[in-house]
Amino acid sequence: MPSLTSSPSPNRRRESVSELVDHLFRHKAGQMISALTRYFGVENLELVEDIVQESLLKALQQWPYRSIPENPGGWLWQTAKNHTLDMLRREARFQKRLQGQIGPVEMEQFPAAEDTSDYPFEDDQLSMMFIGCHPTLSREVQIALVLNTVSGFSAGEIARAFLVPEATMAQRLVRAKNKLRAEGAQFEIPPTSELTERLDVVMNVLYLLFNEGYDAHAGESLVRQELCFEAIHLCQLVATHPVGQIPRVHALLALMLLQSSRLNARTDADGNVILLADQNRSAWDREMIHAGLHHLALSAEGDELSEYHLQAGIAARHAVAKSDESTDWVGILNDYKALLEITPSHVVLLNHAVAIARVYGPEAGLNELAKLKDHASLRKYHLLPATFGELYERSRDYQRAAQSYREALLLTSNEAEQRFLQKKLRASQMLLGSPQ
Amino acid sequence: MSQFMLFIRGGSASSEHLSPQQIQEAIERYRAWAQKLRAQGKLVSAEKLKDNEGMLLSTRNGQIVVDGPFAETKETIGGYFIINAENLAEAIEITKESPTLSEGGMVELREIED
């Protein structure tokens with residue numbers, strides 16, 4: 001192990017090796033929790049979390065005085081294994097805490113792999129994801145539990161991302177783990193008969209996790225943006241596993257990558273919203289677009305057409321367009337029509353109306369929007385009046401545009417969105433006052 | 001040029017409630033601090049001391065008395081750094097930048113006699 005202090009002349013190559021990858025600890029925590037849960041069982045999940053936490057803390061106690069090991073992930077895994085074996089050998093008290101199943105023979109077999117390179121963590125992480133998405137838990141809890149166990153987020157970090165008090169989130173996680181224990185949840189890839197259904201739940205959880213990060217409703221944006229990248233990380237895990245190599249999963253991953261390519265262009269330096277039409281397209285992440293299109297191509301194998309396919313298709317049409325004007329709006333409108341047949345959600349209805357406005361003009365869009373006015377799920381959705389405002393503005397009805405922006409302002413508490421709507425309101429009022 | 005010894009007590013290493021991400025960030029802060037010192041040729045050595053294994057030996061009434069090992073507390077010395085500095089003022093500046101202080105721990109700074 002190279003020492004931080006042994007060599008007076010810094011060895012550049014070695015230093016670059018000891019560089020810690022972004023979120024290494026978080027992701028290693030998820031890997032180790034998954035691998036150890038396979039061994040100890042879901043009923044001992046909290047014990048597993050203790051072992052992993054102690055191993056990570058050991059790194060914090062040692063590495064500042066030495067150097068970061070050349071294989072930090074391997075070091076952490078080795079430490080967790082040693083820690084586990086020590087506890088199993090030495091502490092009778094610890095043995096009692098285990099709920100019985102582990103005999104001395106199995107103890108000797110633990111763990112199969114010597115280091116991280118030849119251990120199939122992906123299997124364990126996918127099994128852990130199925131545990132987190134256990135059908136007896138609510139969606140909300142499933143999302144939190146996956147973040148906690150597979151992604152290595154603490155209760156506090158999840159609480160901050162979802163804007164709930166830390167104690168509430170911690171309690172929610174404890175209750176979920178108790179429930180899994182009571183249900184006798186098995187750590188496994190579900191049998192073929194259940195696989196499609198269970199995989200759909202996992203995909204829905206990842207989709208919601210991504211959206212939670214993408215439509216930041218309020219609060220600090222940075223921690224929420226991390227949710228998008230974590231959803232991508234998890235979806236990549238699913239997509240590279242044999243059971244996840246199916247068109248739907250590739251479509252979902254394509255959707256996430258294509259949408260995320262615009263994350264940096266969606267706001268200016270002061271956090272103000274920039275609409276798609278006004279975004280600097282050179283700020284879109286080309287690498288993500290490229291990866292997204294790659295997975296979109298993979299999703300086209302077979303004849304399945306899921307909502308993820310259609311949404312990814314729409315995102316791709318935006319991603320490849322050179323400008324707002326040259327975007328394939330007819331193609332987008334057709335995609336939304338197909339999407340309406342699968343999921344007539346309020347967001348899809350609204351975007352369908354916007355696409356109609358782009359193809360047939362603002363009046364046609366306004367007619368379509370008018371049909372949505374009495375829709376119960378849209379009554380409190382600020383983007384409905386905001387879209388009305390946008391289309392009235394385009395048809396030069398600044399009176400109604402201003403009125404719509406005022407309505408929208410009453411429905412959102414997000415500061416960036418409020419600033420955006422205020423700006424639009426002022427612009428409409430100015431145009432209203434000026435001779436036309 | 002003098003040498004100084006920094007005894008590290010507490011700080012984030014004694015906090016149990018850090019998330020994996022926070023642990024990584026704390027390690028990176030130490031790494032940045034130590035690397036800067038090393039690049040300037042100011043880091044002589046550093047070692048972590050083993051936990052829970054220290055004891056205090058003394059003589060009482062002609063008998064050797066052994067106290068400890070002591071339970072781990074925030075006041076226990078976790079490890080030490082030996083640094084080069086022009087004078088005490090510079091050593092204080094270096095210590096002030098150490099992550100231990102920003103994390104609520106303590107550093108005992110002592111000059112090593114030539």
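Modeller: Let us start from one residue in this predicted model, A:His23, which is buried because 20 other C-beta atoms lie within 10 Å of its own, and 20 or more is what burial requires. A:His23 sits in the loop between α1 and α2 of chain A, and its phi is near 60°, a positive value in a residue other than glycine. In the loop between α1 (12–17) and α2 (24–40) of chain A there is also A:Asp22, and A:Asp22 is exposed, since it has 10 other C-beta atoms within 10 Å, where 12 or fewer count as exposed. From A:Asp22 to A:Val164 the separation is 142 residues in sequence, and in space it is 26 Å from C-alpha to C-alpha.

A positive phi occurs again at A:Arg396, where the value is about 60° although the residue is not a glycine. A:Arg396 belongs to the loop between α19 and α20 of chain A, and it is exposed, with 10 other C-beta atoms within 10 Å. Helix α19 of chain A covers residues 383–394, which makes 12 residues, and from its first C-alpha to its last it reaches 16 Å, close to the 16 Å expected at 1.5 Å a residue. Most of α19(A) is covered, with 10 of its 12 residues buried; among them are A:Leu384, A:Pro385, A:Phe388, A:Leu391 and A:Tyr392, and also A:Glu390 and A:Glu393. The elements that cover these buried residues include α17, α18 (362–370), α20 (398–409) and α21 (415–433) of chain A.

Helix α16 of chain A can be read in a similar way. The buried residues in α16(A) are A:Ile332, A:Leu333, A:Asp335, A:Tyr336 and A:Leu339, and because they cover an arc of only 160° around the axis, they lie on the same side of α16(A). The face turned away from that buried side carries the exposed residues A:Val330 and A:Glu341. The partners against which the buried residues of α16(A) pack are α15 (307–320) and α17 (346–360) of chain A.

Leaving aside residues up to four places away in sequence, A:Leu252 touches A:Met203, A:Leu206, A:Tyr207, A:Cys235 and A:Tyr308. As a general background, nonpolar side chains tend to be buried together in soluble globular proteins.

For the whole of chain A, there are 21 helices and 0 strands, and buried residues make up 40% of its 436 residues. Among contacts in chain A between residues at least 6 apart in sequence, 63% join residues at least 24 apart.

Chain B, in turn, has 3 helices and 6 strands, which follow one another from the N terminus as β-α-β-β-β-β-α-α-β. Its C-alpha trace spans about 50 × 40 × 20 Å along the principal axes, and 30% of its 114 residues count as buried.

Finally, the two chains meet where 24 residues of chain B are in contact with 25 residues of chain A. On the side of chain B that touches chain A, the elements giving two or more residues are α1 (20–39), β2 (43–48) and β5 (77–85) of chain B, and α1(B) provides the largest share of that side, 12 residues. By type, the residues on that side of chain B divide into 11 nonpolar, 8 polar and 5 charged.

Note on methods: Residues are numbered from 1 along each chain as its sequence is written. Chains are lettered from A and ligands numbered from 1 in the order in which they are written. This is a predicted model: local features need pLDDT of at least 70, side-chain atom pairs count only at pLDDT 80 or more; totals for chains, interfaces and linings use all residues. Two residues are in contact if their C-beta atoms, placed from the backbone, lie within 7 Å. Helices (H or I, at least four residues) and strands (E, at least two) are DSSP runs, numbered from the N terminus. Ala, Val, Leu, Ile, Met, Phe, Trp, Tyr, Cys and Pro count as nonpolar, Asp, Glu, Lys and Arg as charged, and the others, Gly among them, as polar. The arc is that of the directions from the helix axis to the C-beta atoms. The expected span of a helix is 1.5 Å times one less than its number of residues.
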